[in-house]
Amino acid sequence: LWVRAAVRRESVMLTAAEFKQVKINAGWALGDGQTMVFEVRNPLPGAIFCPAVQLVDKNDKTSTKELRPKLYLPTEGMRKASVSPAEKDKIKSYVLVCTCNKALQGPAICMGS
């Protein structure tokens with residue numbers, strides 16, 4: 001009889017090094033300056049979850065908006081999502097809000113599929 005010990009995991013924000021590896025294409029929908037579109041590809045060894053985007057406007061005001069749909073990306077997965085309203089002429093920068101599961105003990109890498 002085999003008993004497999006459960007690996008305890010927690011959902012944590014991606015590190016800067018992990019986030020740099022995530023491939024993100026972003027822009028506005030053709031003919032629509034209100035809808036920002038994202039195409040995200042996950043090269044990390046485990047799944048990531050990106051439910052929102054943090055926007056900074058030209059007045060340096062920060063807001064967080066929910067991605068539709070929220071992105072669950074398995075390893076090597078690619079998905080598209082959008083956020084609206086996100087006025088093209090008012091947005092200065094953005095950052096996706098992404099997490100992954102990491103073991104509480106052992107190597108601190110994204111895990112799971």
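Thr 99 is buried in this predicted model, because its relative accessible area is 16% and the cut-off for buried is under 20%. You'll find Thr 99 in strand S7, which covers residues 91-103. Here's a quick tour, starting with that residue and moving out to the whole chain.

**Around Thr 99**
- The side chain of Thr 99 makes a polar contact of 3.3 Å with the side chain of Ser 11.
- Leaving aside residues up to four places away in sequence, Thr 99 touches Ser 11, Val 12, Met 13 and Leu 14, plus Ala 47, Ile 48 and Phe 49.

**The nonpolar core**
- The largest nonpolar core holds 21 residues, and Leu 14, Phe 38, Ile 48 and Leu 67 have the most contacts inside it.
- Strands S3 (36-41), S4 (48-57), S5 (62-73), S6 (78-83) and S7 each give two or more residues to this core.
- Leu 67 touches Phe 38, Leu 96 and Ala 81, among others, not counting residues up to four places away in sequence.
- In soluble globular proteins, nonpolar side chains tend to be buried together.

**The chain as a whole**
- One helix and seven strands make up the list of elements, and from the N terminus they run β-α-β-β-β-β-β-β.
- The C-alpha atoms fill a box of roughly 60 × 25 × 20 Å along the principal axes.
- Of the chain's 113 residues, 30% count as buried.
- Among contacts with a separation of 6 or more, 65% are between residues 24 or more positions apart.

Definitions and conventions:
Residues numbered from 1 in each chain as written. Predicted model: local features only at pLDDT ≥ 70, side-chain atom pairs only at ≥ 80, totals over all residues. Heavy atoms only, no water. Helix = DSSP H or I, 4+ residues; strand = E, 2+ residues; numbered from the N terminus. Buried < 20%, exposed > 50% of the residue type's maximum accessible area, 1.4 Å probe, protein only. Polar contact = N/O pair within 3.5 Å; in protein donor to acceptor, adjacent residues only side chain to side chain. Contact = heavy atoms within 4.5 Å. Core = buried A, V, L, I, M, F, W, Y, C linked by side-chain atoms within 4.5 Å.
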